[in-house]
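Biologist: Hi! Could you walk me through this model in plain words?
Modeller: Happy to, have a look at it here.

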Amino acid sequence: GGHSFAEACRPCVVSLGSAQSPLAKGGAFSAPNYRGQPLKIVRFHTFNGNGGKLCPNTLTNAVGNGMIGRIKKEGYFMTYQELLETARTCSGPYCKACPVCNGRACKNTMPGPGSKGTGTVAARNYDAWQEVCLNMDTICANGPADTRFTLFGEVYGLPVFAGPVGAVKLHYGGKFTDQEYNDILVPACVQAGIAAFTGDGTDPTVFAAAAKAIGANGGKGIPTVKPWDRDTLFAKLDQAKSSGAKMFAMDIDAAGLPFLKGLNPPAGSKTVAELREVIEYAGVPFILKGVMTVKGARKALEAGAAGIIVSNHGGRVQDGVPATAEVLPAIAEAVKGQLVVMVDGGIRTGVDVCKALALGADACVLARPYVTAVYGGGAEGVRVYTDKLKGELADTMAMCGVHSLAEISREMIF
């Protein structure tokens, strides 16, 4: 794309993609060292074309033109730490791409990734998972852990989905538009063996861009609508249908978002009858995100939902509510087996995923960390973070004496 790719190697800058380099001409980058010094790719940059000023690049261009694939063959890979370091240079001013995304630094920043009111619910979500402990058991057969998960006939590499995020430029910084973000996230998730829930917003292009990205990837993604008025909802569902998506979702808890207030026609909470009409119109398995009580889960079931996501919208819609980990067990006990039970909110590692499954979830949804992954590493960042989650989940399963997701149970909780 006319950019030069470079890597800061000690005091030297090594060109990887200038017009004169073998890499730019389709060759492989194979130098084991530079001027006698071991060469390790730690981060990539692009020149912005304005006086040759160097600025961070999150591998997006490199992935797009195949350069990274050739570099990979030489054994150079981005690490999760490098992903975070790069994200800090382009996420903001609200998101800090913290070493641990626990809701404390962003707190109640909206716009931004923070929570509503005092900003304590996102932190409560994270803390609740840290309070859950697992029982180790290594007196068992020594075999590999199978992390594969099947949802509505589709097989995924692990029970993890990227969560829906809209208006990324507003909340996470101007590096990407929603279309650019989805054009990276959706195919990257497919390549990593998972799928992405995509976002929605008052700007109609947000949902349209998401549907387009899903359509470009064979319908592999879950378009997620806000609880708009009936006509707006049906129009958006028509867009979702055109994408070929095999399942849809609604984050019903978005009724508490400030930007949905005062709209005409009004948006917000829906009755069971209203939801049933929407779900029947969708014509594919429908997931309701934002269930926090057993009563709510039973209403979702009555409305015809095929799945629910136990979620308080990452703390962004209501102050003073419990953490998702605190309400998950009762909800799962009440409706599991009748519909799919997912959970989000403060889940950050494969260990957390294992805890959630042991408490009754079928799968987990992670939103903020995947935004950081895209901002910090583009498609490569999505792969790095997903591989990290999968490795942590497999290791935790092995150390707890289980070899498949079906074997994970409440007995694993201390």
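Modeller: Let's begin with one term: a residue counts as buried when its relative accessible area is under 20%, as exposed when it is over 50%, and as partly exposed in between. Please also keep in mind that this is a predicted model.

Biologist: Okay, can we try that on A97? Is A97 buried or exposed?
Modeller: A97 has 2% relative accessibility, so it counts as buried. You will find A97 in the loop between α3 (80-88) and α4.

Biologist: Which residues is A97 in contact with?
Modeller: Leaving aside neighbours within four places in sequence, A97 is in contact with L84, A87, R88 and T372. There is also a distance to look at: the C-alpha atoms of A97 and T86 are separated by 9.0 Å, and these two residues are 11 apart along the chain.

Biologist: Let me zoom out. How many helices and strands does the chain have?
Modeller: The chain has 13 helices and 16 strands.

Biologist: And what percentage of the residues is buried?
Modeller: Of the 414 residues in the chain, 52% are buried. Contacts are worth a look too: among those between residues at least 6 apart in sequence, 70% join residues at least 24 apart.

Biologist: Now the strands. What is going on with the faces of β11?
Modeller: In general, the side chains of a regular strand alternate between the two faces of the sheet. In strand β11 (residues 222-225), I222 and T224 are on one side, P223 and V225 are on the other, and all of them are buried. That leaves both faces of β11 covered.

Biologist: How many bridges join β10 to β11?
Modeller: Two bridges join β10 (residues 195-198) to β11, and the strands run parallel.

Biologist: How many residues of β13 are buried?
Modeller: Five of the six residues of β13 (residues 286-291) are buried, so that strand is largely enclosed by the rest of the structure. Strand β13 pairs with β12 in the parallel sense over four bridges, and A249 stands opposite I287 in β13.

Biologist: Switching topic: where does S243 lie?
Modeller: S243 lies in the loop between α8 (230-242) and β12 (248-251). With a relative accessible area of 5%, S243 is buried.

Biologist: What does S243 touch?
Modeller: Not counting residues up to four places away in sequence, S243 touches A211, I214, G215 and G219. Take I214 from that list: its C-alpha atom is 5.8 Å from that of S243, and the two are 29 residues apart along the chain. The side chain of S243 also reaches the backbone nitrogen of A245 at 3.2 Å.

Biologist: And H403, where is that one?
Modeller: H403 is in the segment after α13 (368-399). A polar atom of the H403 side chain lies 2.8 Å from the backbone oxygen of A141. Setting aside residues up to four places away in sequence, H403 touches C140, A141, G143, P144, A145, D146 and M397.

Biologist: Last topic! How many cavities of 30 Å³ or more does the structure hold?
Modeller: The structure holds two of them. The second largest cavity has about 50 Å³ of space.

Biologist: Which residues line the second largest cavity?
Modeller: The lining is made of C101, N102, G103, A122, N125, Y126, G346, R348 and R368. By class, that lining has three nonpolar, four polar and two charged residues. Helix α4 (residues 121-131) gives the largest share of the lining, three residues.

Biologist: Thanks, I'll go and find them!

Notes
Residues numbered from 1 in each chain as written. Predicted model: local features only at pLDDT ≥ 70, side-chain atom pairs only at ≥ 80, totals over all residues. Heavy atoms only, no water. 1 Å grid on protein atoms, 1.4 Å probe; cavity = no way out; pocket = protein on both sides within 12 Å on 5 of 7 lines; lining within 4 Å. Points joined across faces, edges and corners; volume = space filled by probe spheres on them. Nonpolar A, V, L, I, M, F, W, Y, C, P; charged D, E, K, R; others polar. Polar contact = N/O pair within 3.5 Å; in protein donor to acceptor, adjacent residues only side chain to side chain. Contact = heavy atoms within 4.5 Å. Buried < 20%, exposed > 50% of the residue type's maximum accessible area, 1.4 Å probe, protein only. Pairing = 2+ DSSP bridges.
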